[in-house]
Amino acid sequence: MAQRPASSATATSSLRTQALARYTAEAQRQVLPYEPVCAIFRRYLHGRRLKFTPERAMILDATLRREGLFEPEQLVAARRGLGGGVSRATVYRTLSHLQDAGIVKQVFFDNKQSYYEVIAGRQVHDYLICVVTGKVIEFNSDKLRALRDEICRQHGFQPLSHRFQIFGISPEGRQTERQQQR
């Protein structure tokens, strides 16, 4: 196997270091509890030379009012119900920007539907997902976070975030399966 020239290896190492520094800075910036979420989003948009439009402001407001998981279609319906003429495409594009800005995260439980959850200034949840009924239960576990931190320490990692999903069958799902077997 041919070795790369020293300058190429140095350039690759430098790029990795820069990428890690950017990612770490973004992750640390996202969790500052004293910075208003609106300011985070404005700074993100400004950095990409995008405008903070009234439509984006309405979608940000509607998003921040959500508790737990939500579907993009819920935002579309809420905006229409309030007379806000925001298109479905604008909602999806804005959610993508909010995700890139570290304000929301997209959560997939299956290939059929994606959900979003506000993470800026809030505690991140983990999930129990019933594979029969689709029921989703959010939970927080200090033991799980401690385990994550311990595993990261063992391997020299600095934890930035995690996602933990347990797929199983809920009591309602087991009952449904029993009824279908009869």
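**Close-up views of a predicted chain**

Figure 1. The average pLDDT here is 78, and 73% of the residues reach at least 70; pLDDT is the predictor's confidence in each residue, on a scale from 0 to 100. This is a predicted model, so to speak of a local feature we ask for pLDDT of at least 70, side-chain atom pairs count only at pLDDT 80 or more, and totals for chains, interfaces and linings use all residues. Residue numbers start from 1 along each chain as its sequence is written, and side-chain values use heavy atoms, with hydrogens and water left out. Over residues 23-34, pLDDT stays under 50, and the model has 10 contacts beyond four places in sequence for them; a contact means heavy atoms within 4.5 Å.

**Figure 2. The whole chain at a glance.** You'll find seven helices and five strands, running in the order α-α-α-α-α-β-β-β-β-α-β-α along the sequence. Helices (H or I, at least four residues) and strands (E, at least two) are DSSP runs, numbered from the N terminus. Of the 182 residues, 29% are buried, with buried meaning under 20% relative accessible area, exposed over 50%, and partly exposed in between (1.4 Å probe, protein chains only). Among contacts with a separation of 6 or more, 49% join residues 24 or more positions apart. The accessible surface is about 12,300 Å², and carbon and sulfur atoms own 53% of that; areas come from the Shrake-Rupley method with a 1.4 Å probe, and for residues only the protein chains shown count as cover.

**Figure 3. Helix 2 meets helix 5.** Helix 2 (residues 37-47) packs against helix 5 (residues 88-100) at about 100°, with the axes 10 Å apart. That angle makes helix 2 roughly perpendicular to helix 5. On the helix 2 side, the contact uses Phe41, Tyr44 and Leu45; helix 5 brings Thr94, His97, Leu98 and Asp100. Sort these contact residues by type and you get four nonpolar, two polar and one charged. For the geometry, axes are lines fitted to C-alpha atoms, for helices over the stretch in contact, and angles run from 0 to 180 degrees between N-to-C directions. Angles under 35 degrees count as roughly parallel, over 145 as roughly antiparallel, 65 to 115 as roughly perpendicular, and the rest as oblique. For residue types, Ala, Val, Leu, Ile, Met, Phe, Trp, Tyr, Cys and Pro count as nonpolar, Asp, Glu, Lys and Arg as charged, and the others, Gly among them, as polar.

Figure 4. Gln113 sits in the loop between strand 1 (104-108) and strand 2 (114-118) and is partly exposed, at 26% relative accessible area. Beyond its neighbours within four places in sequence, Gln113 contacts Glu71, Pro72, Val107 and Phe108. The C-alpha atoms of Gln113 and Glu71 are 8.2 Å apart, though 42 residues separate the pair along the chain. Arg66, in the loop between helix 3 (54-64) and helix 4 (72-81), is partly exposed too, at 23%. Its C-alpha lies 8.1 Å from that of Glu117, 51 residues away in sequence.

**Figure 5. Cys152 in helix 6.** Cys152 belongs to helix 6 (residues 142-154) and is buried, with a relative accessible area of 14%. Leaving out residues up to four places away in sequence, Cys152 touches Phe157 and Pro159.
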